There are 2 protein chains.
Amino acid sequence: MSYIINSLLDTDFYKFTMGQLVFKHFRDVPVRYAFKNRTAKVPLGRIIKEADLRRELDHVMELRLGNSEYHYLLGTYEYKERMFREDYLQFLKNLELQPYELRYEGDAIKLEFAGPWSSEIQWETMALSIINELYYRVYMERLSEFERDAVHAEGVLRFKRKVDVLKKNPGIVFTDFGTRRRFSFDQQDYVNGVLAKEFPATQFRGTSNTYLAMKHGLTPMGTSAHELFMVMAGIKHNSDESIRQSHNEVLRYWWEEYGYGLSIALTDTYGSDFFFLDMTAEQARQWKGLRQDSGDPFDFGEKAIKFYEKHGIDPKKDEKIIVFSDGLDIEMIEKLYERFHDRIKVTFGWGTNLTNDLGFPALSLVVKAVEANGNRLVKLSDNLAKATGDMDDIARFKSIFGYSGDNYEECKY
Amino acid sequence: MSYIINSLLDTDFYKFTMGQLVFKHFRDVPVRYAFKNRTAKVPLGRIIKEADLRRELDHVMELRLGNSEYHYLLGTYEYKERMFREDYLQFLKNLELQPYELRYEGDAIKLEFAGPWSSEIQWETMALSIINELYYRVYMERLSEFERDAVHAEGVLRFKRKVDVLKKNPGIVFTDFGTRRRFSFDQQDYVNGVLAKEFPATQFRGTSNTYLAMKHGLTPMGTSAHELFMVMAGIKHNSDESIRQSHNEVLRYWWEEYGYGLSIALTDTYGSDFFFLDMTAEQARQWKGLRQDSGDPFDFGEKAIKFYEKHGIDPKKDEKIIVFSDGLDIEMIEKLYERFHDRIKVTFGWGTNLTNDLGFPALSLVVKAVEANGNRLVKLSDNLAKATGDMDDIARFKSIFGYSGDNYEECKY
């Protein structure tokens, strides 16, 4: 039987953009990532066979960057001419992932990755894609061939309704962010193949999946994730103040590395209220825009516009952009577009519901950085259901970052 | 590009059961068949290109019975041990169809087949399958690849709903009668492949399509059609009385040829009221059952039960059967089953809606015998929308057969 992950590029593009920064500055920082199933009611450990999971993870460890994949990354020009440096690509070519740590505990799957940040950063989306696909395979294998046809048919028709709405609204610009929680590689591949044909590149901007971007001639999309802020807080862990300052340090490192091209800031690691205090007026002017990934997106949009205006920036005229990426579906996309598109550029990083909408409920799975330099890591976000870290640490970080929110909403995905 | 009809077995089985009888008794009777589009609002001649139609019909004329096809027919045992005689199969092996007569007249396609009955009888379903598939191809070609995926997905889900209902009602016994008005060969092939796997042979009894029966290991199903009665009336055309008597003559020829195995009588050629007067008590006892193909199926069922009871037959105990085959959908099948299954065996010959339900409206196309031995032919049926023949001839036949009905209902298919 074939494997799920067959290329080191079958991952989110931001693993490489972040990876290069990490490689330059923090390559040997010891980190630990942990898998977490936020859909607690699903006993993953009873559904996915350990041998199947090991087989897939072992195969990832054997993957090496092929010559054409190397070419593709070396030739990436969309954000900055040859944005990936030779030394980083050589490192990727020789990438050796540390062995994963897997144990089944009752109904739960414990899966962790520990080692130098520059290599272990690569596990996240591959592990998630694997666990998701193995999970749905179990359900698909219980069906007859015809019932499986019906699942795929349902998927096509649900996708068709999305496509129809998007065609009626050519102003809605969107991107596939669905690698990690896709129903299967084939489904994400199909979705991207169709979108590439049905929409101009001005509306369907591309995909976060580097391999599929290469395959379908799309723009590889993505900027950075929470782990940058989280691990940086683990590195700069001397005091509350140094932790607080680590947030803006990430922004400065990022700007130094990629400048305007990739300057979309993720806003919710310690809550967006803190973010809007922390981002300087100069940064607000320089950076292209912001990414919203938790909490109420309408509230966020209003806050973002006020934030720009406070700094004397006209978000419409100065072409600031908000990337919405939290649990989107087509109805939410339409509403957000309606609400904001006259006031600020909006675009949609559409994940789970784009690549995993065939009638099965989706799982909310994550792989999060939990430790760096021996320090436990924390994410707060604008929805405490998405917070990660020990209770004590979360309390401490709330205090450090002046976090006063109490929004708690079960994650859809 | 591939052809639509690729085997002389890609036709309804009854073309061979009738064909053998015709070959034995009436092989050289000159007959004429004519294509008719009962969906008058669809300008077929403007939709289907003449060159495409000629290409497909020309290809049918080049087809010859292959060795495995010959084997299959020779080995057909389901109704009577080796039911096809060597001389008839040799004739089929050397079958030469007479050239079709095709002309485009404005928006209409005029297509006729004239020649010896024993060969020309073969054109009907092949011509219909071709015209149907060419018609839908035109619409499919206007769609993008993804839109075509969505059409097929719609087809799978509509089919799935049928399968689900039938699984909940394991007593509903049915047969595929969908060759002539299928969406495409591939669709009928798919439907039969799924039904063969999803249902036991006691519920899905088989298919009228001989090629697909062979391919999927199903029972080839079918008995006889209106043309037997119609052409016989053209042969026995000396007087009103001989025309009237030709109806029962067909029943006697058929019984002599196939006996109990294929003794399902088609009841509506001249209206079922006449049929129930014409079939004798002995025939009612001998024959397995009746096929209903027009008019109100509930009325027909009641009449059929009364008919048997009048002749001292207990339709349930004596295992008489009604084959419903007129414009069925799953709702109608459920209702008919509910109404009758405790009182008489019922089975369903499910055509258009089984093999052509992908979201496009179906066409009501027929190829009917219009002339035999120089005499114009007539069908009345229990729905005058399905009557064929000149107005004068129809009036004369109404009088000959004591036809008093006035039911006229637009054909669904």
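This is a predicted model: local features need pLDDT of at least 70, side-chain atom pairs count only at pLDDT 80 or more; totals for chains, interfaces and linings use all residues.
1. Start with how the copies relate.

2. **The interface.** Contacts are made between 13 residues of chain B and 13 residues of chain A. On the chain B side, α8 (145-168) and α9 (185-198) each supply at least two of the residues touching chain A. The biggest giver is α8(B), with 9 residues. Sorted by class, the side of chain B that touches chain A has 6 nonpolar, 1 polar and 6 charged residues. As for which surface each copy uses, 100% of the interface residues of chain B are also interface residues in chain A, so the copies meet through the same surface.

3. **A helix pair in chain A.** Have a look at α11 (residues 226-235) and α12 (residues 240-258) of chain A: their axes come within 8 Å and cross at roughly 135°. With angles over 145 degrees counted as roughly antiparallel and 65 to 115 as roughly perpendicular, α11(A) and α12(A) are therefore oblique to each other. Their crossing is right-handed. From α11(A), the contact takes L228(A), F229(A), M232(A) and A233(A), while α12(A) puts in I243(A), S246(A), H247(A), E249(A) and V250(A). By class, that contact has 6 nonpolar, 2 polar and 1 charged residues.

4. **The sheet in chain B.** Now for the strands. Chain B has an open sheet of 5 strands, ordered β2-β3-β1-β10-β11, and the pairing is antiparallel. At the edges stand β2 (101-105) and β11 (375-376) of chain B, each with a single partner strand, so one side of each is left without a neighbour in the sheet. The link between β10 (residues 365-372) and β11 of chain B consists of 2 bridges, with the strands running antiparallel. For E371(B), the bridge partner in β11(B) is R376(B).

5. **Helices on the sheet.** Two helices of chain B are worth checking against these strands. Helix α7 (residues 123-141) lies across β1 (30-37), β3 (108-116) and β10 of chain B, running at about 145° to β10(B). Helix α11 (residues 226-235) of chain B lies across β1, β10 and β11, and runs at about 20° to β10(B).

Methods:
Residues are numbered from 1 along each chain as its sequence is written. Chains are lettered from A and ligands numbered from 1 in the order in which they are written. Two residues are in contact if their C-beta atoms, placed from the backbone, lie within 7 Å. Helices (H or I, at least four residues) and strands (E, at least two) are DSSP runs, numbered from the N terminus. Ala, Val, Leu, Ile, Met, Phe, Trp, Tyr, Cys and Pro count as nonpolar, Asp, Glu, Lys and Arg as charged, and the others, Gly among them, as polar. Axes are lines fitted to C-alpha atoms, for helices over the stretch in contact, and angles run from 0 to 180 degrees between N-to-C directions. Angles under 35 degrees count as roughly parallel, over 145 as roughly antiparallel, 65 to 115 as roughly perpendicular and the rest as oblique. A crossing is left-handed if the near helix is turned anticlockwise from the far one by less than a right angle, and right-handed if clockwise. Two strands pair if DSSP finds at least two bridges between them.
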